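Please consider the following model and the terms used to describe it.

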Amino acid sequence: MKANPKFIISGGGTGGHIYPALAIANEIKAQYPAAEILFVGAKDKMEMQKVPAAGYPIIGLWISGIQRKLTLQNAMFPLKFISSLWKSRTIIKKFKPDVVIGTGGFASGAVVKTAASMGIPTIVQEQNSYPGITNKMLAKKAKAICVAYDGLERFFPKDKIVKTGNPVRLDLLELSDKKAEAQHYFNLDTAKKTLVVLGGSLGARRINQLIEKQLPFFKQKEVQIIWQCGSYYYEEYKKYNSEENVQVVAFIERMDLVFAAADIIISRAGASSVSELAIVGKPVIFIPSPNVAEDHQTKNAQSISNKNGALLIREKELETQFEQQFSDLLSNEQMRNELSKNIKALALPNATKEIVKEIFKWVK
């Protein structure tokens with residue numbers, strides 16, 4: 001392979017598309033420090049802050065998703081998409097990438113589609129068990145589609161599918177020796193069980209409402225809580241920091257330590273979260289968001305719960321099922337150990353390396 005290969009990576013809109021893209025970039029640089037990497041994202045989306053913070057340049061496109069209801073934004077979509085295709089062509093001509101990688105989101109649709117039409121090898125990384133519209137559209141022209149779940153030949157050409165798993169943070173691969181550090185970092189009571197609540201980078205209203213309502217229940221059970229409520233909701237819920245054994249945060253910087261501290265985790269079921277939780281191997285209650293395309297979070301969670309690797313409670317079932325299921329899990333050590341063992345068996349810890357290996361195959 002050439003000494004200084006060039007790569008464009010495009011994906012964004014949510015942490016579920018951005019963090020895999022950054023993990024891929026970091027692995028490329030680890031193997032080839034001289035490699036040049038340019039990100040392309042959507043203007044005004046979170047990648048425009050997260051990517052530069054990680055040390056990579058990024059260019060923003062004027063693009064956004066289609067809303068479910070009739071809006072001015074939808075009416076503008078054709079114009080935005082054509083503008084993004086034109087700008088993508090300009091970026092690609094100037095940067096001259098060897099390979100273009102898409103991790104999902106509408107910006108990646110424009111960039112990867114344009115690169116394929118220009119004869120540049122493209123790789124698609126699909127995080128979910130049910131693909132989004134962008135990656136379905138791009139799959140026909142891609143050289144390879146890196147996936148994390150079985151059964152995706154229903155959506156993609158079978159001969160292009162490479163099962164790699166989803167990229168995860170490297171600091172999650174070994175947590176067993178971090179528990180004492182984690183308990184000190186979060187000032188936890190070592191005699192009590194620790195519940196970690198994760199609603200995703202922006203937060204999850206229904207999970208936050210559940211935790212707020214159940215605070216007396218958790219107190220009765222002598223459970224201490226690290227509650228990541230998300231940046232949208234922090235002002236609303238930070239008042240509970242005054243309560244004993246409750247820590248409310250907008251965002252968690254040290255995910256390795258929060259996972260090391262956890263005895264039980266409540267989480268959404270975005271693809272990246274599911275992949276990370278499999279590697280972490282702690283007992284999980286998934287509460288998938290019902291408001292995402294094709295209900296893919298429920299499908300992600302089912303892929304684990306169907307193999308007895310986690311509990312799954314739908315939002316509409318929380319009122320009737322949550323307290324009983326949580327109580328059973330808290331009191332039953334054998335059940336917790338079984339879930340931990342089964343979810344860990346589904347982990348693919350070498351995912352990032354496998355994806356980068358596939359990318360390097362197409363560098364001439």
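Q: What makes the largest nonpolar core, and which residues have the most contacts inside it?
A: The model is predicted: local features need pLDDT of at least 70 and side-chain atom pairs pLDDT 80 or more, while totals for chains, interfaces and linings use all residues. Residues are numbered from 1 along each chain as its sequence is written, and side-chain values use heavy atoms, with hydrogens and water left out. A nonpolar core is a set of buried Ala, Val, Leu, Ile, Met, Phe, Trp, Tyr and Cys residues joined through side-chain atoms within 4.5 Å. The largest such set has 60 residues, and Ile8, Val258, Phe259, Ile265 and Phe286 have the most contacts inside it. Helix α9 (residues 255-261) contributes the largest share, six residues; helices (H or I, at least four residues) and strands (E, at least two) are DSSP runs numbered from the N terminus. A second, separate core of 30 residues includes Val197, Phe217, Tyr240 and Ile313.

Q: Which residues is Phe286 in contact with, leaving aside its neighbours within four places in sequence?
A: Contact means heavy atoms within 4.5 Å. On that basis the partners of Phe286 include Ser267, Arg268, Val274, Leu277, Ile304 and Ile313.

Q: Why is the pair of Phe218 and Phe322 called edge-to-face?
A: Rings of Phe, Tyr and Trp (its six-membered ring) pair if their centres lie within 6.5 Å; planes under 30 degrees apart count as stacked, over 60 as edge-to-face and the rest as tilted. By this rule the count comes to 13 aromatic pairs. Phe218 and Phe322 lie 6.1 Å apart centre to centre with 90° between the planes, hence edge-to-face. This pair links distant parts of the chain, with Phe218 in helix α7 (residues 205-220) and Phe322 in helix α12 (residues 318-331), 104 residues apart.

Q: How do you know whether Phe322 is buried or exposed?
A: Buried means under 20% relative accessible area, exposed over 50%, and partly exposed in between (1.4 Å probe, protein chains only). Phe322 has 0% relative accessibility and therefore counts as buried. Phe326, with a relative accessible area of 0%, is buried. Thr164, in the loop between β7 (161-163) and α6 (179-185), is buried at 4%.

Q: What makes the charged end of Lys50 sit over the ring of Phe251?
A: The rule requires NZ of Lys or CZ of Arg within 6 Å of the ring centre and within 35 degrees of the ring normal. The charged end of Lys50 sits over the ring of Phe251 at 4.6 Å from its centre. The charged end of Lys299 sits over the ring of Tyr130, 4.7 Å from its centre.

Q: How do you know that strand β6 and β7 pair, and in which sense?
A: Two strands pair if DSSP finds at least two bridges between them. Strand β6 (residues 144-147) and β7 have three bridges, in the parallel sense.

Q: What makes β3 and β7 edge strands?
A: Seven strands form an open sheet with parallel pairing, in the order β3-β2-β1-β4-β5-β6-β7. Strands β3 (58-61) and β7 each pair on one side only, and are the edge strands.
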